[in-house]
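Take a look at the fold below.

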Amino acid sequence: MPLGRLFGRKASGERIGIRVSNDTLTLCRFRAGAPHTISAESLSYRSDITFEQTLATGEALPPNASDCQLVVGPSYYHIVQVDRPAVDDAEIAQALSWAIKDLVPIAPENMILDYFELPVQPAGANKLNVVCADIQVLKPMVDGIHAAKLPLSGIAVDELTLPKLFPVTDEAQLLLVQQANEELLLLIVKQGMLFFSRRIRGYDLLVSMTGEELRAGVVDNLSLEVQRSLDYFESQLRQAPVKQIVVALPGDNTPLLLELMSANFFIPVVTFEPEVAISANLNSGELLSFAGVFAAGMGDE
């Protein structure tokens, strides 16, 4: 099963996206049409209950789904950047497994990986971004999906699904997205593609912080992290400035966060509104699940 790059097959009928995080399993049901329709739910995912048992409690599971996409949260994979191996394309995957074996806490025999190349790189660089996971961790998820009679077409990660929800335009946008109890993810998207990504540590509790906490330097420090990424995008990647900052967070403090961040930037700071039509208000976890469905090409008419 490929991990990372999303070349899922197109299908007709009901489709479902499943995103798994540390403590939540999110199901998002999708049907092509005019307008697109969504039903979504979040299930508690505990260590004492298997993935298969948790999935079986979901009400959003269609009885005859034609396709399914699994999106794994950041605790289930690693992304590392390494020099492109000087080998033929057919040998890259094997060469990368050796290149990253000391960079990730996964035994080489359990490693499953894929890779992608960003559209632009700093001058003189020739890097690949390697996405790797532990097959022993993923296997119970895959088995659970098969037990639910869902046709799994691929395994995806947030960094590669979310850019597909942005318009294909030369105007770059920066996205801040987070699910509860996960690190904050920063993406810069342009022309419908990922140009830059990073996880920002130290903001796992951002969605639950009070207004007093946000005003006491948290937003200012976060704005500095965002500004560093904006500067890198312009100076090192030699790109035109980002046009707006887009925020997709599940907390009730999002309006205040937008207000405080707006004071620190000369570009708009707005909430995320996907280009595709969806008929329900999705929280960030459901949005990440939906992105997995749509990005795999299953959202095409």
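Lys-149 counts as exposed, because its relative accessibility is 70% and the cut-off for exposed is over 50%. The model is predicted. Lys-149 sits in the loop between α3 (135–147) and β8 (152–157). Its phi is positive, about 65°, although Lys-149 is not a glycine. Why is that worth a look? Most residues other than glycine have a negative phi.

Arg-238 also has a positive phi, about 55°, and is not a glycine. Find Arg-238 in the loop between α5 and β12. Is Arg-238 buried or exposed? With 52% relative accessibility, Arg-238 counts as exposed, since exposed means over 50%.

## A sheet of five strands

Now turn to the sheet. In which order do the five strands lie? The order is β11-β10-β9-β12-β13. The sheet is open, and its pairing is mixed. Two strands form the edges: β11 (193–200) and β13 (269–271). Each of these pairs on one side only. On average, neighbouring strands of the sheet are turned by 25° against each other, direction ignored.

Strands of a sheet pair through backbone hydrogen bonds, either parallel or antiparallel. Here, β10 and β11 run antiparallel, and seven bridges join them. Look across this pair: Leu-187 stands opposite Ser-197 in β11.

## Helices on the sheet

Helix α5 covers residues 211–235 and packs on the sheet. Which strands does α5 touch? They are β9, β10, β11 and β12 (244–248). The direction of α5 makes about 145° with that of β11.

Helix α6 spans residues 254–262. This helix lies across β9, β12 and β13. Relative to β13, helix α6 runs at about 165°.

Where is Glu-183? It lies in the loop between β9 (173–177) and β10 (184–190).

Leave out residues up to four places away in sequence, and Glu-183 touches Val-177, Gln-178, Arg-199, Ile-200, Arg-201 and Asp-204. Next, compare sequence and space for Glu-183 and Leu-206. They are 23 residues apart in sequence. In space, their C-alpha atoms are 9.3 Å apart.

Key:
Residues numbered from 1 in each chain as written. Predicted model: local features only at pLDDT ≥ 70, side-chain atom pairs only at ≥ 80, totals over all residues. Heavy atoms only, no water. Helix = DSSP H or I, 4+ residues; strand = E, 2+ residues; numbered from the N terminus. Contact = heavy atoms within 4.5 Å. Pairing = 2+ DSSP bridges. Axes fitted to C-alpha atoms, helices over the stretch in contact; angles between N-to-C directions. Buried < 20%, exposed > 50% of the residue type's maximum accessible area, 1.4 Å probe, protein only.
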